[in-house]
Amino acid sequence: MARYRGNEVLLLRMTADLLMRNGEANRVEHRMAVIRFGSSASVDVPFTSARHILSRLNAMQYEDRGETNVLAAFAEAEKLFRSLPASTERRRAIVLLTDGVPYVRGGDMPSYRANLRQFAAAHF
C-alpha cells in the first residue's frame, strides 16, 4: 500500500477508526480484514471486529511488496467473502488502498487490466 510503514499504518488506522465510528453510530458490529499485496497477496489479518483490530495492525511487519497486483488482492478478498455465511442482510465492501496503477512486471498489461475488469464484474 505504501512505501513507508508510517503511511501504511496511518491509512489502516484511519480505515479502522471510520469503521468503528460508523458501527457505533449505526449500532452494528463491523468486521475488517487486511490483505497486503504487491507481486502476490496475503491475508495478514482475517476478519476481526473493527473495535479489536488496532492491536493487530500495530503488530504487522512492514515489507515493500514490489508490484501492484490488484487482481491477486481481489482474488484473496473474494476467498474471504466466500468464507462468510451467506446473508442478505450482510453488506460487503472492499476498501482498496493502492497507488492506483496495477502493474505486474513482465506481464501483458492490457490483458491483465481486461482480466481485472472481468474478475471485478463477475465477483463483486
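The legends below describe close-up views of a predicted model.

**View 1**
Glu67 belongs to the loop that lies between H2 (54-59) and H3 (70-83). Its relative accessible area is 12%, below the 20% limit, so Glu67 counts as buried. A polar atom of the Glu67 side chain is 3.3 Å from the backbone nitrogen of Arg105. Beyond the neighbours within four places in sequence, the residues in contact with Glu67 are Phe37, Gly38, Ser39, Tyr103, Val104 and Arg105.

**View 2**
Strand E1 covers residues 31-37, and strand E2 covers residues 41-49. The two strands run antiparallel and are joined by six bridges. Arg31 has Ser49 as its bridge partner in E2. Of the seven residues of E1, five are buried, so the strand is largely enclosed by the rest of the structure.

**View 3. The aromatic pair of Phe47 and Phe81.**
One aromatic pair is found in a search of the whole structure. The pair consists of Phe47 and Phe81, with 6.3 Å between the centres and 15 degrees between the planes. The pair counts as stacked because the angle is under 30 degrees. Phe47 is partly exposed, at a relative accessible area of 24%, whereas Phe81 is buried, at 13%. Arg31 is placed over the face of Phe47, 5.7 Å from the ring centre.

**View 4. Helix H3 and the elements that cover its buried residues.**
Helix H3 consists of 14 residues. From its first C-alpha to its last the helix reaches 20 Å, close to the 20 Å expected at 1.5 Å a residue. Ten of the 14 residues are buried, so H3 is largely enclosed by the rest of the structure. The buried residues are Val70, Leu71, Ala72, Ala73, Phe74, Glu76, Ala77, Glu78, Leu80 and Phe81. Among the elements covering these buried residues are E1, E2 and helix H4 (109-123). Phe81, one of the buried residues of H3, is also the partner of Phe47 in the stacked pair.

Key. Residues numbered from 1 in each chain as written. Predicted model: local features only at pLDDT ≥ 70, side-chain atom pairs only at ≥ 80, totals over all residues. Heavy atoms only, no water. Helix = DSSP H or I, 4+ residues; strand = E, 2+ residues; numbered from the N terminus. Buried < 20%, exposed > 50% of the residue type's maximum accessible area, 1.4 Å probe, protein only. Polar contact = N/O pair within 3.5 Å; in protein donor to acceptor, adjacent residues only side chain to side chain. Contact = heavy atoms within 4.5 Å. Pairing = 2+ DSSP bridges. Phe/Tyr/Trp six-rings, centres within 6.5 Å; stacked < 30°, edge-to-face > 60°. Lys NZ or Arg CZ within 6 Å of the ring centre and 35° of its normal. Expected span 1.5 Å × (residues − 1).
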